[in-house]
Structure formats: structure tokens, C-alpha cells
Amino acid sequence: MAAPILRCLWPSLARPAIPTTLLQMPVRSFSTTPSSNATLNQVLRGCRKPQRARHAVSPALSDMQCPQQKGVCLKVGITRPKKPNSGERKTARVRLSSGRMITAYIPGEGHNVQQHSVVLVRGGRSQDCPGVRYHLVRGALDLAGVSNRMSSRSKYGTKKPKKASVGT
């Protein structure tokens, strides 16, 4: 009984008028899918298993947590690529300084790698060669850069060619 009298005396106590446009708008949640807790049967079946960890692309390097590793070539050979591709991919069997044995891809045209060559190995798989998860770094240690390379020289360890001086 005292509330209507107080509202008349103090208008600030009165409820503010809500615009009709706000009353007509539907209430939207942030997610379109309903969020419900798992039932007992779902929990018993094992819905709350943690996600499996992703495996590393280059495990020998990620286990040691290093971007490159030095290794010694044991065998140099060629690998046939997977189905739609054809050709001969040059690969090397390498024993890393950590003691692990890996197969690495030799990028570029031509190479001077032979048995007992000391090479630098980086991560990165060769997509069409099965089991090859590493690359050799061109222009480092015993592996020379690609000769007569003009484009993407930094990937293949090639210096900038000297400009030929005209006249003198």
C-alpha cells in the first residue's frame, strides 16, 4: 500500500518504461547447438576420454627439441614416389648425433653426398616419398649448394652470382 504512494512522491523509484521493441526481440544464445551434460550411460561408455596427442611430423628432432641436427650419411639411394607421381627421389640414410637412424630427402638437382658425409638435417617430410620425414640442408657442412640456381637460392644454399663487368 505504501509502494504506490512512494512512487508518486519519488519518480526515480518508479520502474522505467521498457521499449516495446526490446520486448518483441527473441532471446538468442551464443551457440546454435544445445549444450547438455552427458548422461550416465554416455559417461559409462567413455565419452570423457581425453583427446589423443598429435604425433610430430619429425619425431627425431622434436624429441630432442632442436630445429636441426648433425648426422653422418650411411647410405645414399633413390626412392620411388607414391602412386600418381613418378621419378626418382634422392634420399640418404643418416645416423644423427643423438644416435637415431632416419631417412632424409636431398632437395635440388644433383648432389655430392656419399657415404660418411657429414650433413645437417632439418624437419619437413617429402609428401610423395613414404617414410621420409626429414630434409638435408643444402650448403651446410659437407653438402654443397645447388649450382647455377637463380630462383629460391636461399633454400638451396646458393650464393648470388657475380655480375659480369662490361668493358674493363
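Modeller: The model is a predicted one. By that definition the protein chain holds four helices and five strands, and from the N terminus on their order is α-α-α-α-β-β-β-β-β. Of its 168 residues, 21% count as buried.

The five strands close into a barrel, in the order S1-S2-S3-S5-S4, with mixed pairing. On average, neighbouring strands of this sheet are turned by 50° against each other, direction ignored.

Strand S5 pairs with S4, residues 118-123, in the antiparallel sense, and three bridges join the two. Within this pairing, Gly123 stands opposite Tyr134 of S5.

Is His135 buried or exposed? His135 has a relative accessible area of 11%, and it counts as buried because this value is under 20%. The side chain of His135 has a polar atom that lies 2.6 Å from the backbone oxygen of Gly124. Leaving aside neighbours within four places in sequence, the contacts of His135 include Leu120, Val121, Arg122 and Gly123. Gly124, Arg125 and Ser126 are also among them, as are Ala104, Tyr105 and Pro107.

For the chain in general, residues 24 or more positions apart account for 49% of the contacts with a separation of 6 or more.

Note on methods
Residues are numbered from 1 along each chain as its sequence is written. This is a predicted model: local features need pLDDT of at least 70, side-chain atom pairs count only at pLDDT 80 or more; totals for chains, interfaces and linings use all residues. Side-chain values use heavy atoms; hydrogens and water are left out. Buried means under 20% relative accessible area, exposed over 50%, partly exposed in between (1.4 Å probe, protein chains only). Contact means heavy atoms within 4.5 Å. A polar contact is a pair of N or O atoms within 3.5 Å; within protein, one must be able to donate a hydrogen and the other to accept it, and residues adjacent in sequence count only if both atoms are side-chain atoms. Two strands pair if DSSP finds at least two bridges between them. Axes are lines fitted to C-alpha atoms, for helices over the stretch in contact, and angles run from 0 to 180 degrees between N-to-C directions.
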